[in-house]
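Here is a short tour for anyone meeting this protein for the first time. Take a look at the structure, then read on.

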Amino acid sequence: MTSVQPTGPTRWELLFSDLEAQARAQSAAEADALVSELTRGEHATMTLADRFRAVVGGVVTLELLDGAPLRGVVLEAADEWVLLRGVRPEPLSQHLVPLAAVAAAHGLARQAASATSRRDAAGLGPVLRSLQRDRARVVVRTLRGAYGGRVARVGRDHLDIDLLDDRGTRLVPFTALLVVSESP
């Protein structure tokens, strides 16, 4: 009697191949889940300032807390503020915007860039004190209006602006500050 040789894979070979394919699929699914979890974890550490740092040189449009848009090129970003140079149709001056005054932003990348220098951690106070020192003419826009003048004093959480034409001084808490712009 002659023995018959199987011509295709045996039942056992098919079973082991199937088990191996299932193990590979489960391993790939676990790796995908791990990558997704790590990505979510990384996103959870991003700050708004990091997102602005990633687009330095790019054009963004901000919607401030009063609903007004502000469009400009991101010149610099720190933990508490972003500095824009206006683009047309906005005046081509520079605008210092506290991040707390940003209600929404368009034009930010999905990526983030971490702080790279001590200046990135500079709060509003030091920047406003440099405007005070330079006696720069500015327009301070708040939730209640705009005031032209010079920064007279800067406290921890507020600034005083000497209004133009000797109209007195206005105290502006940082919580009401929307933008400080170069005066035209």
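Which element gives the largest share of the lining of the largest pocket? That would be H3, with four residues.

## Ground rules

This is a predicted model, where local features need pLDDT of at least 70 and side-chain atom pairs count only at pLDDT 80 or more, while totals for chains, interfaces and linings use all residues. Residues are numbered from 1 along each chain as its sequence is written, and side-chain values use heavy atoms, with hydrogens and water left out.

Leu96 has contacts (heavy atoms within 4.5 Å) beyond four places in sequence with partners including Trp81, Leu83, Val127 and Leu128.

## A buried aspartate

Now for Asp160, which sits in strand S8 (strands are DSSP runs of E, at least two residues, and helices are runs of H or I, at least four, numbered from the N terminus). Is Asp160 buried or exposed? Asp160 counts as buried because its relative accessibility is 11%. Setting aside neighbours within four places in sequence, Asp160 touches Arg150, Val151, Ala152, Arg153, Thr169, Arg170 and Leu171.

Notes:
Buried means under 20% relative accessible area, exposed over 50%, partly exposed in between (1.4 Å probe, protein chains only).
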